[in-house]
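Please look through the sequence and the model shown below before reading on. The report then takes up a few local features, one heading at a time.

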Amino acid sequence: MATSPKPVKKVPIHLQSSQNRVYIKNGHIVNHDKSFKADIYIEDGIIKFVGPASEIVVPGGVRIVDAANKLVLPGGIDPHTHMQLKFGGCVAVDDFYHGTKAAVAGGTTTIIDFVLPDKGESLVEAYDKWRAWADPKVCCDYALHVGITWWSKSVAEEMKIMCEELGVNSFKMFMAYKGLYQLNDSELLDAFERIRSLNGVAQVHAENGDIIAKNVQKLLAAGITGPEGHELSRQEEVEAEAVNRACILAHQMKTPLYVTRITSKSSAEIIGRARRSGYVVFGETLTSSIGRSMNGVRQQDRLYYITSPPIRESAETPRQLMKSLAYDDLQTTGSDNCTFNKEHKELGKGNFTKIPNGVNGVEDRMSVVWEKGVHAGLLDPCRFVAVTSTNAAKIFNLYPQKGRIAVGSDADIVIWNPNATRTISRETHHHACDYNIFEGMVCHGVPEIVLVRGRICVEDGAVRVAEGYGRFINTPTRPPYLYDVLEGKAALNEERNGEEAAHEEHLNGGLKKLDLGALEIEIPYQEPISRTLLASRPGAGGSVASTPSGRGHVEGTRNMQESTFSVSEELDKSVTRSCIRVRNPPGGKSTGFW
């Protein structure tokens, strides 16, 4: 782990001398819709001026930052984290201090974490617990999603409290984890309908939990207990079926849908097809899925990479997911940061179902997306900003307070050096975990200076964060980016105006041109699990006094059973969509999805 100064306790911003007034000059600003040369003046954590130097007189006592030959980007927004999540007898080692410190080190200045109530637990009580964990520790601003892990009339009532009183507009349902968090289709429909009535945002973890439970039973009975059983139990089509079903169920309820952690090309295709059919659906992929595959990972190391849905085996999958981000089948990148040490992962050595799910990603997300997207020639810098910041801000109604460099926006800013490189390593990362799934990856693109609400927190390789400096940010209901479409006031993929298009003509500069032929890919045939089982041989198995909500304890029937869960714009119109071929299985007909 990197060595850096000890946590700094919160310092009133008016006592930080020039820290509350910063002038950034000579930079090239990149927003999701255009890029341009301009200077920026920041005061009291807010952007007060964006424009040419000739139009501002810089006051005295201002910290001046020269961003010549650098890009000036909106701070990253990670819409998917799990800090200090409890997993059976383990707790994720990145708490809200270490996790947000790692985020800031990598250029992410806002996270959205998940409140996950136990089955039977009050939503308000769980929310209070998460706020009590986070508020004293966060180094950057944060918001919360709430998981709907069980369904009842009281849950529906508390969802209204979340939206109207507690600053939460998004709710996540699970189509997997049978017997723990999984909702059936009838419950999903009820939840979607309730979310629509509240003008909220529905999220799903999309895997078919019934199929997974059946496959796990068969695999263990056949003596397959190692980490390879994890992906065998939840292959690509198990994810794709659930993604398709979720899109249809949400569409029937006229509810905007956000599908978390897409890990396969077939699932990304389904979301793209649904969007082109007019469904208000958005897709998220993860740092882990675009940054690496399981191809080449040694058998004895595979348990350290376990997460759900899994990192896929095919070496082509990361590139295809990046292409899906490029042509807007997918819209956001999260990290699903939920870190455990090796000793925690090794608790499942004799039974893959006992391996804590989760990997790192919040610190490396921005660099990995730049490396695999912009440096590889698949994204331009504007699209990079869209998929790492702006789209999440729009979907969860934080825009333009977050996700944009403009007058009045929060001064969450990253000065990005596209020509610098860094090598990812557990020896230098800021996570609390003792390994990194991207170990040894060289990334072009480095966040050299990071400002969190105007405070310089990263500079010259040093990370100086203030514990508790971050704020809880309300996410208001009815995000216009979603509900204007549902109500017929806007199209899902609105055309950019002439001014934006003119700016984007100059975006690519020295970037490599897109290889249109590379967009044609093959979905590899996967052996049915029945064949794997037939070929296998059985083997040896081996409460807060004063709560943030102000409501205190809310009655709920708690189930004490322990959990084993851890849980843009378009490209230039010259880029046309290519068909995706599905490789024929040996001796069989081609397969495909809906």
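## An enclosed helix

How many of the 10 residues of helix α10 (residues 317–326) are buried? Helices here are DSSP runs of H or I with at least four residues, and strands are runs of E with at least two, both numbered from the N terminus. Buried means under 20% relative accessible area, exposed means over 50%, and partly exposed lies in between, with a 1.4 Å probe and protein chains only. The count for α10 is 9 of the 10 residues, so this helix is largely enclosed by the rest of the structure; among the buried ones are T317, P318, L321 and K323.

This is a predicted model, in which local features need pLDDT of at least 70 and side-chain atom pairs count only at pLDDT 80 or more, while totals for chains, interfaces and linings use all residues. Residues are numbered from 1 along each chain as its sequence is written, and side-chain values use heavy atoms, with hydrogens and water left out.

## Two helices side by side

Helix α3 (residues 153–165) and helix α4 (residues 185–197) pack with their axes 10 Å apart and at an angle of about 30 degrees, where axes are lines fitted to C-alpha atoms, for helices over the stretch in contact, and angles run from 0 to 180 degrees between N-to-C directions. The two helices are therefore roughly parallel to each other, a term for angles under 35 degrees, whereas over 145 counts as roughly antiparallel, 65 to 115 as roughly perpendicular and the rest as oblique.

The contact, meaning heavy atoms within 4.5 Å, is made by A156, E157, M159 and K160 of α3 together with A191, R194 and I195 of α4.

Most residues other than glycine have a negative phi, and most peptide bonds are trans. Y177, which is not a glycine, has a positive phi of about 65 degrees; Y177 lies in the loop between β12 (170–174) and α4, and counts as buried at 16% relative accessibility. D328 likewise has a positive phi, near 70 degrees, in the loop between α10 and β16 (332–334), and D328 is buried at 8% relative accessibility.

The peptide bond from S308 to P309 is cis, with omega near -10 degrees, and P309 lies in the loop between α9 (287–291) and α10. The bond from Y399 to P400 is also cis, with omega near 5 degrees, and P400 sits in the loop between α13 (381–395) and β17 (413–423).
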